[in-house]
Structure formats: C-alpha cells, structure tokens
Amino acid sequence: MSRAMTQRFSFSLAATDGRARTGTISTPRGDIRTPAFMPVGTAATVKAMMPESVAATGADILLGNTYHLMLRPTAERIDRLGGLHKFMNWDKPILTDSGGFQVMSLADLRKLTEKGVTFRSHIDGSKHELTPERSMEIQRLLGSDIVMAFDECPALPADRDRITESMRLSMRWAERSRDAFGDRPGHALFGIQQGGLEQDLRAESAEALTKIGFEGYAIGGLAVGEGQEAMFACLDYAPDQLPVDKPRYLMGVGKPDDIVGAVKRGVDMMDCVLPSRSGRTGQAWTHRGQVNIKNARHADDPRPLDETCSCPACSNYSRAYLHHVFRSGEMISGMLLTWHNLHYYQVIMQGMRDAIASGTFAAWESDFHAKRGEGDIEPI
Ligand SMILES: [Zn+2]
C-alpha cells in the first residue's frame, strides 16, 4: 500500500447558509468539493467524453455502476487489469453503486430473498447472484473509493407495508454490508436511507443506519417517479435525520432545479445520467433553461449555445453547427453537447459552493430561477 493510500477518508464542513452546506470530502485520490455533482460513467466511461474532458468540466468524482461492470467486463477482469481507475484512466475518486437498484430496474427474472437477489443478465441471459457480501466484494475488486451498501428500493407508488418491509430488509442488508466491507483505510462505505415518502419510516431507517455507523449516508428511494414536489417535501426532513458531520448523498438526481432544491435542503452529493444522456439526444441545459438543438430555429443561428459558458461547445461553435452535426448524426454532436451539459452542471455546483461560503445562497438561488424564467434567447 502506498503512503498516499494510508490517508483516511474524511469530511469537513466549511460553511452553512440556511440548511445548505459546503465543505470537502478528503480521500487518498483527491478532494471532493461539496456540494458535488458526480457524472455517471456507467460502463467504465462517461459516454462521449474522454476522462480528461470530464475532469476539465470540474468534476472531482464520478460514479460507476456495479451491475453493468459485474456483467461486462466483470469485476474480476477489471481487478486483474489493475482496478477501475487504471482501466478507465481516471485517477480521481470513484463512487460505485451497489447494483441493487439496477438489478431491480434492468435485469430479467429477478428473485428476491433474505439472502439477496438472483437474476438473469439483460445482456446474455446468464444467471447471477447479488448479495450484500457479493456487492462488497465486487466494489472492492473495482477499487471504488466510496462503496454503497447493498439495498432494495421499491418503485413508487408502493403501499406502506411494502415500503416498510423493503426498508427493514435494506437495514439488515446494510449491517451485512458493513460487516463484509471490513477495515479498508482510505475507502468509505455509505449507508442508504429508505422509507419512501413516509417521515417516520425515514426516521427509523436513519436511526438504524446511524447505529451501524457509516462514513457517509445516502438518501435512496427518491427520483423514482414521485415528482419534484413530493421529493422536495421528503427532503424537507430527510437530510436532517442523518448525521450532520457526514456527507449526505441524494441518489439519481436530477435536473438543474432539482439539484438546487436538494442543496438548499442540506444535500452534499448527487449523481445523474441526465446531462450526459440528454447531450446525446440533442438536449442542452443552459442558465436560461432547456434548449432543443434539433429545432429548425437554430439552423442559421451563428450565436453560441450559451454566451456566458466557457465550454468548448460554446467557445468554438455556433448553434447552427451544433444543429447541423446533430441532424447529420455526427458523433461530435453528442461529444460537444455532453461536454456543455456536464460543464454547466459544474458551473451550478461552483456557484452554489461560492454562494454558501459567502452567505448569499438565497440571492444566488433567486437569480438562478429568474434567468431560467426568461427562457432561451429570442430566435434571430
Ligand atoms: Zn457551453
């Protein structure tokens, strides 16, 4: 083990403004400035992006998916090739999910028992098993810096009995995840709060997790179809049920205004495929809202996508060009729009970090909403 790897995982809060927080997660692979947005590198790549480009957008950490990587190319193969960081040429921190959520959403013929989940691969139909112990083993083989406890998450709406039963199973799995994770200096294990939209079940879950003890805590089971209003209503209490001195991670969120609303309510970390996925379908996110580059109004427009943006797509290309390459099915279309979207997300995060540090979050937030309210620039 190198000397750098003996550094511990730690979190320090630098400032709070209302319920919003800014701070730093320190890991042997580098610091993560919070609130942090994590781009999603599902299959050991953030689609359409070179890893150095992802870093250039300002991302301190990215997310990898256990479910996808265990099926192809397999965790054992990645381990033999030196681990996920080396395999994908990303030397900053990586967080991996536990595989639980994606098994439930992607795999075929799932069977859930107290022990874990058996399922068939959506790729080739091969049979696999995921348990808390196997998920910890896979995430260790990948070399993940932040490991997520194995959990189960019911799709909403679900009835209270189903949510209760599922949350309590996830808490038993959280304990087994903690035991199986072992003592790994410099690496962190995060527990995942469940309980749907039920405040008392969320409280029970938070208490169970805190008793086990984790290096960080995720808010799971949101952004699964409940809508922004219901999600914010849950975030009005859920982050405060978790320990104040540990990072809080809201999984799978979201659109720019979801992210701002979550940070306002005390969330420190988020991830979402949205900026990269929408970049490949001609959708851009700017400080004035969403832009559909497919639209014919851009065909003769020499102006940049967002004149306030310093990303390569906005610095060097016109809306007319972005429209043309999208319509022509050129790969650079997805590359430029993904870069822009990821850059814009990081601009939001930096803006919020600065505003929280200077105690001006409320003013920053009203400016954010006011600009979006104006909508896209007038057509030429
Ligand atoms: Zn841009």
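This is a predicted model: local features need pLDDT of at least 70, side-chain atom pairs count only at pLDDT 80 or more; totals for chains, interfaces and linings use all residues.

Visitor: What makes β8 and β9 a pair?

Guide: Four bridges join strand β8 (residues 117-120) to β9, and the definition asks for at least two, so they count as paired. The two run antiparallel, and Thr 118 stands opposite Glu 129 in β9.

Visitor: Why are β7 and β9 said to stand at the edges?

Guide: The open sheet has three strands, ordered β7-β8-β9, with antiparallel pairing. β7 (108-112) and β9 (127-130) each have a single partner strand, so one side of each is left without a neighbour in the sheet. From one strand to the next, the twist averages 15 degrees.

Visitor: Which residues does UniProt list for "binding site"?

Guide: The unreviewed UniProt entry lists Cys 309, Cys 311, Cys 314 and His 340.

Visitor: How do you know that they gather at one spot?

Guide: They span 32 residues in sequence, yet no two of their C-alpha atoms are more than 8.1 Å apart, so one spot it is.

Visitor: Is Cys 314 buried or exposed?

Guide: Buried: Cys 314 has 24 other C-beta atoms within 10 Å, and the cut-off is 20 or more. His 340 has 29, so by that cut-off His 340 is buried too.

Visitor: Where do those two sit, and what does Cys 314 contact?

Guide: Cys 314 is in helix α12 (residues 312-316), while His 340 is in helix α14 (residues 331-357). Leaving aside neighbours within four places in sequence, Cys 314 is in contact with residues including Cys 309 and His 340.

Definitions and conventions. Residues are numbered from 1 along each chain as its sequence is written. UniProt positions are given in the numbering used here, feature names are shortened, and annotations may be inferred rather than shown by experiment. A residue is buried if 20 or more other C-beta atoms lie within 10 Å of its own, exposed if 12 or fewer, and partly exposed in between; C-beta atoms are placed from the backbone. Two residues are in contact if their C-beta atoms, placed from the backbone, lie within 7 Å. Axes are lines fitted to C-alpha atoms, for helices over the stretch in contact, and angles run from 0 to 180 degrees between N-to-C directions.
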